[in-house]
Amino acid sequence: MTDQPTKQKLWGGRFTGKTDPLMHEFNQSLRYDQRMHAADIRGSIAYAKALALQKILTEEERDKMIEGLKKVGEEWKSGNFKPQPDDEDIHTANERRLSELIGTLGGKLHTGRSRNDQVATDMRLWLLDEVRDIESSLKGLIRVMVERADKEKDYLMPGYTHLQRGQPIRWSHLLLSHATSFKYDLDRLKQLIPRISVLPLGCGALAGNPFVVDREFLAKELGFDSIAENSLWGVGDRDFIVEFLMWSTLTMTHISRMAEDLIIYSTAEFGFVTLSDAYSTGSSIMPQKKNPDSLELLRGKTGRIFGNMAGFVVTLKGLPSTYNKDLQEDKEPLFDAVENVSASLKISEGVLATLEVHPEKMRKALTMDMLATDLADYLVRKGTPFRETHHISGRAVALAESRKVQLDELSLQDYQGLSDKFEQDIHNVFDFEASVERRDAIGGTSRRMVERQVQVLRAALEA
């Protein structure tokens, strides 16, 4: 006997054979896309209103449908929603449950609508909500860094290039360098929002909506900034996901670089900072260990986020126009990125808020050879070309090393043997505080410029 059409599927009328159970499992996405249940309900409520405007639904049918959709949403929220084996995805599950609650009227909801424009709408709605939360977390991290930098301006430490001591800087200057990266991440996130906030609903499967639903009404109802002007693009575009994954990759890279600095500075060899117990763990065999696991996980998750981005771009690059089932693979990398970026920002804020700083160890790590550039600059101020002063300063460093002394322990006669431009005031160069205060151009590490950076970042948080 011929099998009956598989009516439980939204696409079942064309098929008479049953789906292979393995294929059903392979095809099913409800286990992960159910997190979009609220977005799907919102989109469906708006669409029911749009159908009523076109007289596809009566006002009574519209109200009954909206009431049913709200009940479905409440079941998800309370944890009472019961998925069924044939629930292929969140759209199937919600429509199936709606029909159980309001009868055959539920079947009118899909009039003119495809899962192609439905899922694209759901994902954009869901991501917009998540981005707002991420923006708030990112601002929280920046705020902690800025306020800490403002309070700890007096702490001097070595500044490093190539992980070699270079010049003295303020600890605040280092903190604010990372905060500045996050400030530009915040800018980029805000710039991304309008490209997420584009309405696909009303594009149908690919060619547009035959019932001429009012898409401007839908955009206003759902809070979208603009409308997809081309239906083919509307159902097939996932650039907003790629952009978010790229944004996540760059932001996590900045988190990772900050984490690496703090991991290094928390070692016994440096001892500049100590992580709170709340963000550290111990060793299962070495009782003395205090491991910076929070920072190491932040660094490790960065590769994971980059992998999500790279993997999805590879999936996307070979697809023909409009919707293809490959696009189901957009959700897991997006969901994973959102979850981990959000957690990483919150963990980073916690680490920075509770970090113990040891300014005395930072200052102890300062050595006079770090003022070799100041020595060269001294001669520049006496009229000697910098390329020449660089050479003279290098000879002074070599002389000090040969005598196993610091630069400030060389005598005036020693310096005058290198250049007749050295005078009695040469030893005024060997002052770390004076060195950082001389870096008083915009962007420098002087107190005045650090205070300027604090104000710039505070203003960015209020923008």
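Since the model is predicted, local features need pLDDT of at least 70 and side-chain atom pairs count only at pLDDT 80 or more, while totals for chains, interfaces and linings use all residues. Residues are numbered from 1 along each chain as its sequence is written, and side-chain values use heavy atoms, with hydrogens and water left out.

**Pockets and cavities**

Rolling a probe the size of a water molecule over the atoms shows where empty space is left. On a 1 Å grid over the protein atoms alone, a cavity is a set of points where a 1.4 Å probe fits but cannot get out; a pocket is an open set with protein on both sides within 12 Å along at least five of seven lines; lining residues have an atom within 4 Å of a point. Grid points are joined across faces, edges and corners, and a volume is the space filled by probe spheres set on the points. In the table, Ala, Val, Leu, Ile, Met, Phe, Trp, Tyr, Cys and Pro count as nonpolar, Asp, Glu, Lys and Arg as charged, and the others, Gly among them, as polar.

| Space | Volume | Lining by class |
|---|---|---|
| Largest pocket | about 440 Å³ | six nonpolar, eight polar, three charged residues |
| Second largest pocket | about 240 Å³ | four nonpolar, five polar, three charged residues |
| Largest cavity | about 50 Å³ | seven nonpolar, one polar, one charged residue |
| Second largest cavity | about 40 Å³ | three nonpolar, four polar, three charged residues |

The largest pocket has 17 lining residues, and Leu174, Ser177, His178, Arg257 and Asp261 lie nearest its centre. The biggest contributor is α10, with five residues.

Twelve residues line the second largest pocket, with Ser266, Thr267, Lys290, Asn291 and Pro292 nearest its centre.

As for cavities, the whole structure has two of 30 Å³ or more. Around the largest cavity sit Trp171, Leu174, Leu175, His178, Met258, Asp261, Leu262, Tyr265 and Leu352, and α7 and α10 each give at least two residues to that lining. The lining of the second largest cavity includes Asp40, His91, Glu95 and Arg113. Its largest share, four residues, comes from α5.

**Helix α18**

Helix α18 (residues 447–462) has 16 residues and spans 23 Å from first C-alpha to last, close to the 22 Å expected at 1.5 Å a residue (1.5 Å times one less than the number of residues). Its buried residues are Met449, Val450, Gln453, Val454, Leu457, Ala460 and Leu461; buried means under 20% relative accessible area, exposed over 50%, and partly exposed in between (1.4 Å probe, protein chains only). They sit on the same side of α18 because they cover an arc of only 150° around the axis, taken from the directions from the helix axis to the C-beta atoms. Exposed Arg448 and Glu462 are on the face turned away from the buried side.

**Two positive phi values**

Most residues other than glycine have a negative phi, and most peptide bonds are trans. Leu163 has a positive phi of about 60°; this residue lies in the loop between β1 and β2 and is exposed, at 57% relative accessible area. Lys404 has a positive phi near 55°. Lys404 belongs to the loop between α15 (386–403) and α16 (412–416), and is exposed at 78% relative accessibility.
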